[in-house]
Amino acid sequence: MKHITFLLALIAFCVRPVPAAQPAAITAAQPPRRIISLLPSHTEILFALGVTGVIAVSNFCDYPPKKTAALEKAGDYYNPNIEKILSLKPDIVFTGNWKSVPASGRLRRAGINALEIPDADCIAGIYENIRRIGAAAGKSKEAANLVKSLTAKVAAATAKYSAAKPRPRVYIELDAPHWTAGGRSFLNETLENAGGENIFRDLEKPYAQVSWETIVQRNPDVIITLSAAKTNFAALPGANRIAAVRNGRVISSLDKNLLTRPSPRIYLAIEALGQALHEQKNRR
Amino acid sequence: MSKKTAAEKIGLFFLAALAVGAAAVFVGPVAHPDAAILLKIRLPRVLAGLLAGASLAGAGALMQGVLRNPLADPYILGTSSGAALGAALALLAGAGYGSPLFYVLAACGAFAATAASYLLARTDNRTPAVNLLLSGVIVSAFCGALILLLFALKRDTAFSILIFMMGSITEASRAVLIGAGILFALGMGISLALSRQLDILSLGEEKARTLGVNTEALKLLAFAAGAFLCAAAVGVAGTVGFVGLIVPHVARLLLGPAHGRLSVGAVLLGAAFLTLMDAAARTIAAPAEIPVGVLTSVCGAPFFLWLLRKSKTEYKS
């Protein structure tokens with residue numbers, strides 16, 4: 001779920017979701033037995049909670065790899081495969097919440113019990129989603145435990161890197177050419193926890209295209225490119241003025257899904273980013 | 001309208017393009033740039049904007065003339081979809097922005113799509129304008145479908161291709177600028193050499209043939225020139241819309257329909273217009289950028305309507 005999530009995240013930021021009406025009560029006494037998840041982050045949370053009733057996931061769901069690969073694919077949250085979903089007779093469908101995407105309305109009209117939970121836009125939001133998904137899937141106690149252990153892991157990863165000196169100034173390229181994440185993006189929090197400083201923290205929008213000359217002028221120490229289409233930074237005019245290009249610190253090996261998905265693997269994202277930013281440098 | 005001669009007006013347009021180009025070097029998201037940023041980054045971007053705007057307007061004037069259709073634009077023969085497909089393939093092959101292969105494939109796509117439209121339209125050694133328009137639509141749709149297929153198979157590059165298709169001027173290296181400049185010079189050279197024949201063609205294809213114009217050779221040369229010009233533009237600016245459609249009409253309203261002066265005027269106005277819009281696109285929301293293709297339409301359409309109303313004459317193509 002890469003660029004499309006990202007596009008929709010953009011839209012989601014423009015139109016802040018209001019809390020959705022909760023669907024017909026599913027009590028802890030009768031947890032849903034047939035569950036479909038249409039959002040990769042929700043899928044990861046469901047499996048992290050040890051929910052066993054997941055019968056289908058979205059086309060974008062790829063983690064945990066073995067489990068998701070074996071499951072039926074039910075379209076995705078902006079274009080769910082209603083026929084497939086109906087034929088699977090789910091008790092509940094976990095989906096996203098974007099006003100511009102009519103998917104949950106379509107699900108409801110088809111008589112499907114759809115629970116809208118917006119993708120988290122900060123780390124605290126992941127905890128909130130874990131609790132909500134846990135409550136709806138009859139795993140409230142497991143959810144509380146997961147939040148507790150995850151909070152500790154995030155704190156440990158953050159403690160390891162966030163105070164590391166020197167604090168590199170980082171340019172993140174999400175999509176070529178020059179789409180980056182601003183201070184209000186999910187990725188910005190991860191980056192700061194990993195001990196990096198986002199050179200475009202001042203952007204008003206969470207995601208935007210920026211000018212090459214601004215990148216050159218702000219002179220990042222490290223460039224992290226998560227774009228599938230790679231920019232050939234060294235070939236662009238004035239590239240040798242950028243410390244990251246001069247010092248060979250253009251990093252393109254990080255997993256975009258891990259870094260941009262608000263999932264229970266967030267502590268691994270902080271670890272991966274922190275390691276890329278700091279430990280590589282220490283070895284040199 | 002003032003009583004200036006066409007030559008004087010063209011002179012004014014030249015000064016306008018020069019002034020906009022010079023001023024644009026000092027407009028950008030970095031408020032107090034040093035000399036290196038001005039020369040190495042701002043200047044190439046301004047040159048790319050001038051070149052792309054000039055190429056698009058020149059190609060538009062040429063296509064409107066040779067197809068005798070006021071709705072023709074540089075992309076009418078599927079050129080932009082071909083370029084986008086070439087760019088998409090380059091991105092999939094790992095040749096991203098900045099790589100020479102990216103520009104080469106975008107230009108090749110533009111050529112291939114134009115040639116395909118031309119060959120598809122050809123029947124009995126003739127290429128009627130209606131056939132050309134239809135084959136252009138078909139080639140466009142086909143390339144568009146292939147791009148969507150690539151989106152579906154490789155979703156993670158979809159967004160990068162979308163940015164290219166929206167049109168955004170990128171900072172090109174010197175080699176790319178020189179390559180685009182050569183394509184522009186070739187295209188404009190052919191276009192101007194065809195001026196007289198295109199003027200005769202405006203009387204109608206039958207008449208032009210009886211007056212001794214080889215209309216088939218004329219079309220072939222004009223499409224080749226159009227593809228050269230488009231290839232020059234799409235490499236550095238993506239598929240910017242609107243400039244190639246409207247700027248030639250503005251030039252026609254101001255300079256009259258004769259192809260020679262019309263296309264020179266269009267080239268100068270197109271260069272000034274796109275450069276101005278790009279300066280705005282990179283500055284208004286700094287450090288964020290607005291896709292320049294959006295601005296060209298938002299600002300260009302009302303201006304064109306105003307000009308059309310003001311001239312109060314029947315529109316002559």
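## Salt bridges and polar contacts between the chains

In this predicted model, the side chains of Arg241(A) and Asp34(B) meet in a salt bridge, with 3.0 Å from N to O. Between chain B and chain A the count is 2 salt bridges, and the count of residue pairs in polar contact, both at pLDDT 80 or more, is 7.

On the side of chain B that touches chain A, α2 (35-67) and α6 (158-166) of chain B each supply at least two residues. The largest share of that side, 6 residues, comes from α2(B), and the residues of the side as a whole divide into 12 nonpolar, 9 polar and 9 charged.

## Extent of the interface

The contact draws 37 residues from chain A and 30 residues from chain B, and the two chains bury about 2900 Å² between them, of which 62% is on carbon and sulfur atoms. Within the area that chain B buries against chain A, Arg155(B), Phe159(B) and Pro287(B) supply 24%, which is more than any other three residues.

Pro287(B) has a further feature in its backbone, in that the peptide bond from Ala286(B) to Pro287(B) is cis, with omega near 5 degrees. The residue is placed in the loop between α12 (259-283) and α13 (292-311) of chain B.

## The parallel sheet of chain A

Chain A contains an open sheet of 5 strands, paired in parallel and arranged in the order β3-β2-β1-β4-β5. Because β3 (72-73) and β5 (114-116) of chain A stand at the edges with a single partner strand each, one side of each is left without a neighbour in the sheet.

Strand β1 (residues 35-37) and strand β4 (residues 92-95) of chain A run parallel and are joined by 3 bridges; Ile36(A) has Val93(A) as its bridge partner in β4(A). Helix α2 (residues 40-48) of chain A packs on this sheet, where it touches β1, β2 (54-57) and β4 of chain A, and the direction of the helix makes about 140 degrees with that of β1(A).

## Backbone features in loops of chain A

Most residues other than glycine have a negative phi, and most peptide bonds are trans.

Lys165(A) and Pro166(A) are joined by a cis peptide bond with omega of about -5 degrees, and Pro166(A) lies in the loop between α7 (140-161) and β6 (169-173) of chain A. His178(A), a residue other than glycine, has a positive phi, near 65 degrees, and lies in the loop between β6 and β7 (179-181) of chain A.

Notes: Residues numbered from 1 in each chain as written. Chains lettered and ligands numbered in written order. Predicted model: local features only at pLDDT ≥ 70, side-chain atom pairs only at ≥ 80, totals over all residues. Heavy atoms only, no water. Pairing = 2+ DSSP bridges. Helix = DSSP H or I, 4+ residues; strand = E, 2+ residues; numbered from the N terminus. Contact = heavy atoms within 4.5 Å. Axes fitted to C-alpha atoms, helices over the stretch in contact; angles between N-to-C directions. Buried area = accessible area lost by both parts, 1.4 Å probe. Salt bridge = Lys/Arg side-chain N within 4 Å of Asp/Glu carboxyl O. Polar contact = N/O pair within 3.5 Å; in protein donor to acceptor, adjacent residues only side chain to side chain. Nonpolar A, V, L, I, M, F, W, Y, C, P; charged D, E, K, R; others polar.
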